[in-house]
Amino acid sequence: MADSRKPKKPGDKKPPSGGPNPNEPGTGSGSGPFPWSNTPKPGNPPKATPRPGFAWKWNGQAWIETRLTKDERPTQTLPEGYEWVWDDATGWGFRQTPTDPVDPADPIDPVTPTEPPGPDDTKQIATRAIAREYLRGLFRQFGFGDADITTLMGQVEGWIQSGLADAGTDAVLMKFRDTDIYKRRFAGMSELIARGQAISEAQYIGLESSYRNVMSNYGIDPTYYDSPEDYARLIGAGLSVREVEERVVAAKQAMNPLVAAELRQYYDVSDGDLTAYMLGLTNEQGLRFKADRNEAIRTQEGIRGIARTAQIGAAAERAGFSMDRAYAERLAGTSVGATIDPFQMGTLAQLEGEFGRARRVAERETTLAGIDREAFDQRDALAAAFGDEQARLASERRARRERARFAGSAGTAAGSLGVERNL
């Protein structure tokens, strides 16, 4: 069996440690496009410095920046000569500290200035310093390393000097979200925005952490979740943590040699990366789906159908039944087949047990059909087990004829015994 792991990319890094631990995977339904049970809990606010007059507060789902009330004085340190001041309309802000009036000195001869004095820019300097501190912390929260942060701060410095941050950091963030480095870091965001399901960067990072924990818990090779692009298509597809876990289970079962063989035979999957294929990230040729080519990753139902058919084929082969894709899909499409959940780790073992019993039925039916000189396909025993009415009725007819033959043989033997006794 070919190695199912994808090649390690140059410069790949180990996955970061930590992150929320999903005690219970989200269901992905009834709470918007994503479950947030795996976001950070109170006591672990973001390390980024909040905007002036704001503080990190837990809203029951995530840490958000919340404007401070009049009774909640800001804790950020202001430059010397400035103080916090409350405004009923705008909340907390800061101003230059008023000074006590000084008695006028003796008059002196006026001096004609050589040029008019410029405006006092001390407040502007303070505002820009706070913006730099806030943005630096935010970039670190986004997962950028020191080298990237240095590059980013050099890029945004021009925006700050142009006055873009003088009224707050929102304008700088909006401009940053339009850069290539942002679009690479949050590559799944554009698909969400296009569907009207936009989320915050904090929620996006929370999903990455939850996906990472799921894959790690199931022993998936770290090369599948060690960079933002590994998560981007899953997040962009709007998959809940539970749905990702289901795909991981299907990928784990695809590592079974029999299941892998059926995937290659039925769907012409290359000998490359079966794990990525079952996660829905690659096509049959092992090529990754690309958002810039408008290629949507495989749907959850698509993954379910592929996994169910391959597992049915694998269990049939183990029991000695020869089965092509069309017949496996026929069984998967029955009322009984629809109850098979390929996203459960024990499903394949259960199928193998059922097919083992069908094997014994098929051998008995072959003998009976031979006595009746009747054509019989051993796979009809599988069809009967999967709810095929015609196959079930044919099996019952053969059983009735066998019982009749047995009853006739028993009657003949009893009559012979009576004749002997009369002698």
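User: Which helices do the buried residues of H12 pack against?
Analyst: This is a predicted model, where local features need pLDDT of at least 70, side-chain atom pairs count only at pLDDT 80 or more, and totals for chains, interfaces and linings use all residues. Residues are numbered from 1 along each chain as its sequence is written, and side-chain values use heavy atoms, leaving out hydrogens and water. Helices are DSSP runs of H or I with at least four residues, numbered from the N terminus, and contact means heavy atoms within 4.5 Å. The buried residues of H12 pack against H9 (257–267), H11 (300–318) and H14 (379–385).

User: Which residues of H12 are buried?
Analyst: Buried means under 20% relative accessible area (1.4 Å probe, protein chains only). In H12, residues 325–332, these are Tyr327, Ala328, Leu331 and Ala332.

User: Why is the pair of phenylalanine 144 and phenylalanine 176 called edge-to-face?
Analyst: Rings of Phe, Tyr and Trp (its six-membered ring) pair if their centres lie within 6.5 Å; planes under 30 degrees apart count as stacked, over 60 as edge-to-face and the rest as tilted. Here the centres are 6.5 Å apart, and the pair is edge-to-face because the planes stand at 75 degrees.

User: How many residues apart are phenylalanine 144 and phenylalanine 176?
Analyst: Phenylalanine 144 sits in the loop between H1 (122–141) and H2 (146–161), while phenylalanine 176 belongs to H3 (residues 170–176). Both are buried, and the pair links distant parts of the chain, 32 residues apart.

User: Which residues form one aromatic cluster?
Analyst: A search of the whole structure finds 11 aromatic pairs. One cluster is formed by Phe139, Phe142, Phe144, Phe176, Tyr182, Phe186 and Tyr204.

Technical notes. Buried < 20%, exposed > 50% of the residue type's maximum accessible area, 1.4 Å probe, protein only. Helix = DSSP H or I, 4+ residues; strand = E, 2+ residues; numbered from the N terminus.
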